[in-house]
Every structure is written in C-alpha cells, then in structure tokens.
Amino acid sequence: MRVGRLAAVALLVAGTVAGVAPQALAAPEVLWHGCAELDGVPEADRGRFDCAEYAVPLDHDHPGAGTVTIAMMRRAADDRDARIGSLFLNPGGPGASGYLMAASAPVFLEPEVLRRFDVIGFDPRGVGRSTPLRCFTSQEEADGVFANVVSVPVTPEQVREAITANRTYEQSCGRNGGTLLDHMSTADVARDLDLVRAAVGDPALNYLGFSYGTLLGATYAAMFPDRTRAVVLDGNVDPALRTTDGLEHDRRRTAGFELALDAYLRTCDEVGCPLAPDSRAKFDATRDALEHSGPVTLPSGYTISRDDLVTTTAGALYRPALFTRLAVFFAATYAATHPGRSAPTPLTADTLRDLTAARIDPRRDSPYTDDDAYAAVNCADKPFPVPLSLVPRIAEWWDAEMPTFGRGLSWGDPATCADWPGRGSDRFTGPWNARTPNPVLVVGNRYDPATRHRFAEAMAAQLGNAHLLTVDAFGHCILGSSACADRAVAEYLVDLRLPEPGRVCEPDVAPFAAF
C-alpha cells in the first residue's frame, strides 16, 4: 500500500454531522490486481475477476488515527458497454466473509444483472481477509474457552460453564481486540462502504444484503440517502428494535424460530411425513424426553442429546432441501425416546451426515472463522441492559415462552454482550426514514426462522422509501431459490422497476417435495 494513498484516505473525512461522515474529497481510486483465490471458477471466466485491498480510516471521526484494510473481489460486468455500475454484496453474519460472493454470484443473480454490473464481494472491517478483529492469540486458545459449553445450557453445571466461558471471552477480547474493538459498529462499516463506493467511481450505491447485511443496507440508506441508487435487502432484521433494545429484538428473533418450526410440523402432517400424524406432539415429547432423561442412542449407534436436536433443527430450518431428511431424523429420535415405537423410515448414515453438516448454533448467524467480528458488531449495535448474572433468569423466561429455542438463544448475544469491553459510541439508531431517490426493495420469506417476516414488514415500514416483496417460503433468505423473486430483483436492479404491490412469490421447490 502506497504511503501517499494512505494519507489521501485520511483526508476523506472532515467531520461529522448528525453522526454521518461526509466526503470532503474524492476517494483515491482502488488499485485492482489479480486474484489468488479463484478455485471453482471456470478457467475461461477467470479473466473477468480482479481483487484489491483498500485502506479506510480506523476511526471515521478521527481519520488521522490510522487505517484498516478492506479486501474486495470484483467480477467484471459481462457487457462493459452496457455497464450500469457496481453491485456490492454482503452475506450477513455479522462477520461472514463476502469476499468470494463475487465468484458465486451466478448462483443467485440473474444473467442480466451479471451483464450490467460489476459485482463486488468484500470482507467488512474485522472480517477474514480484511483487517481482522481477533480476541484470541491462537485457535487452541479459542477452542479452550468454549470446549465444554453446550448450545443449550440446562443443568446447573452447564449454566456455570456458560457464564465462565462468556466472561473469559469478554476478558480475552478486552486484552487482544485492540483499538479496532471500539470501531466495529454497522455505522462504521456503512462509512467504509461509502468510501469504497466512491473509490470504484460509482456516484450512487447499488447493494444486495442478506440477513444481517440488511441492517448494513438500511444503515447506509439512512445515513447516505442521496448516495443510493438501488438497495435490495433479503432476510431482514428490524433495524429500530435491534439498535435500541437488543434483548427484545433477540426474543422476537427466537420466536421466529418457533414459528418456523410450528409451520414445518403442520406441513409435515399435511404431506404425511415420517413423523406424522401428530408431528407437533411427537416432536415436543422427543424434546422433553431428551431434556429430562438425557441423550439416547439410535440404532445406527449415533447418540442424540437435546442440544443435538435443537442445533440440527435450527440448521435444517434454514434449508428447506433438508426438510424430508429432518422428518426422518425426528421420527427415529422419537422412536428411540419412546420404547416400543419404531421409525417408519430408516435413518441412513447419509441422512445423518447431511443433517450434521448443516447443523448450526442458532445463537449465531455465522460460524467462528478465526475472527471475532460477529460478537464485536452485535455488541456495538445492540444495547443489552442486563448483567451476565441475570442471563439464567432470562433463559428460564424464554424457555417457558419458547420451549425449543428459547433457552439456547438466550445464551447468545444477551450473554456475550452483557459485559462487552468495546461498546464504542458509533451505533446508529436512526432516524431510519430518510427518503432515498428510489425505493429500497425489501424481500422476506413467510417462514424464515432467523429473520422472520414481521421483521421484513418492520424494515419496509421504517425506511423512508421502501417496497416489500413477500415469498411464501421456508428457509433463511430466498434469492437463488425462487425464479419469481430473482426476476423481480433483476428488474429492480437493472431498470428500477418494482414488483406490483402485494405480489407474493413462490419458491422453486415446495417443502417435502419428495413426498
């Protein structure tokens, strides 16, 4: 990185007005170079990709205090003469890497979008190939902190281990996170995005964000409304609630998992899945048996605990393609917890492997990948006015209200952020109603477990100029899985044409299509 270029970056931000950093000078251009990571990209297409590392201020309020680097990959528009501009992508998390999204863009973007836009994936500050935020000095140290912690602490011993692990994690972040820990809010990332947008020569932003990426898009639209062209938000958070009451936001998010599970079990009965009839009652009986009697061993030799049941269920609810296999798993586990019962469909090793690979910790939207941006961003953005010592009470409350996911999700951000060492002062809490020149296109699945449809409704209502497209689908986010939604997004990005009001799209494949 050239010294002169770093100095120029420091001149970009002259001050703040209502929490927004205006551009004082034109951004130094991005210096693109060849990419080292193009595995999976056909040889014939590799020439259209290039990569870059771009310096932005560590602290946008004090641009002379140093810089951090943003790593980007660009897929050039197929038709340079018809190019509209750049389309920036964010996969969510927070903390998920977006760098390689440019390479995978043909999976979820229509050919006309690829023809008309340079597609840019990037790792936000603190993430992956950008300047990472790390709370540990080694992977072994990280593994040791949470080695004995289950996703769903139930017993007094498990609760004590969870409290100890969260305190240790917070202390480790305070020791190792450095100055970056104080500048990890979504507002910081939005300011970075504004600089990068200018640096690639775009007068206004084109953006597609998934999951947490919807908060980044909404924040940018609210902070820089006159610098937006087209913003698509798929799998939405409730921005006002998330940034003013983290505990209530996460409680309602947890309710979304419960609603998606209930809809899944109703559909299971309707199609005659292996758990039917009475799928709801059987699932509840299985969950309660695992909690009160402990793990069971399936005929295959695989041992299932309550923790396994919850994380497997959460992972499969993200991916409707796994719904049939999930029903087979439920039926086998129900039979194992109720002697004398038998599963109508054998649970094969392949089914178990597929479900295990998809298993997630429902407390988090992104896995640990050698940086700690997930916690740093959430704890910067979400206020949690409760100490860690009260989280067990919250767990009991949520467990009574939401018996499958409540206890586990209460040990997510409410516990991690209770005594977080780097809260910072840059959280953007609105107003969200700034009017962008073109409406923001908000896309929401009816039965999205992690970002429920009510959040999409809230996003569309809070933004100053927005349009809601509903998809009658299960799963977390939808682009790439609904030709109807894909076409609507393409028409919006290319021609700024919105779908008709009240339009509802369908997924390409119905859940339980195998039955």
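Cysteine 379 sits in helix H14 (residues 373-381) and cysteine 417 in the loop between helix H17 (413-416) and strand S9 (440-447), so the bond ties together parts that are 38 residues apart in sequence. Helices (H or I, at least four residues) and strands (E, at least two) are DSSP runs, numbered from the N terminus. Both cysteine 379 and cysteine 417 are buried. Buried means under 20% relative accessible area, exposed means over 50%, and partly exposed is in between, with a 1.4 Å probe and protein chains only.

The model is predicted, so local features need pLDDT of at least 70 and side-chain atom pairs count only at pLDDT 80 or more, while totals for chains, interfaces and linings use all residues. Residues are numbered from 1 along each chain as its sequence is written, and side-chain values use heavy atoms, with hydrogens and water left out.

**Cysteine 135 and cysteine 173.** Select these two residues, whose sulfur atoms are 1.9 Å apart in a disulfide. The bond joins distant parts of the chain, 38 residues apart: cysteine 135 is in the loop between strand S4 (117-123) and helix H4 (139-145), and cysteine 173 is in helix H5 (residues 156-176). The torsion about the S-S bond is about 100°, so this disulfide is right-handed. Cysteine 135 counts as buried because its relative accessibility is 0%. Cysteine 173 is also buried, with a relative accessible area of 0%.

**Cysteine 268 and cysteine 273.** Here the sulfur atoms are 1.7 Å apart, again forming a disulfide. The link is right-handed, with 85° about the S-S bond. Cysteine 268 has a relative accessible area of 0% and is buried; cysteine 273, at 3% relative accessibility, counts as buried too.

**The cysteines as a set.** Colour the cysteines and look at the whole model, which holds five disulfides. With bonded cysteines counted along the chain, the pattern is 1-2, 3-4, 5-6, 7-8, 9-10. Cysteine 477 is in no disulfide, and the nearest cysteine sulfur, that of cysteine 505, is 15 Å away. At 16% relative accessibility, cysteine 477 counts as buried.

**Helix H9 and its neighbour.** Show H9 together with helix H10 (residues 279-293): they pack at an angle of about 125°, with their axes 8 Å apart. Axes are lines fitted to C-alpha atoms, for helices over the stretch in contact, and angles run from 0 to 180 degrees between N-to-C directions. Angles under 35 degrees count as roughly parallel, over 145 as roughly antiparallel, 65 to 115 as roughly perpendicular and the rest as oblique. H9 and H10 are therefore oblique to each other. Where they meet, select Leu261, Asp262, Leu265, Cys268 and Asp269 in H9, and Ser279, Arg280 and Phe283 in H10; contact means heavy atoms within 4.5 Å.

**Glutamate 248.** Finish at glutamate 248, which lies in helix H9 (residues 246-271). Glutamate 248 counts as buried because its relative accessibility is 17%. Its side chain makes polar contacts with the side chains of arginine 251 (2.8 Å) and arginine 252 (2.7 Å). A polar contact is a pair of N or O atoms within 3.5 Å; within protein, one must be able to donate a hydrogen and the other to accept it, and residues adjacent in sequence count only if both atoms are side-chain atoms.

Conventions:
A disulfide is a pair of cysteine sulfur atoms within 2.5 Å.
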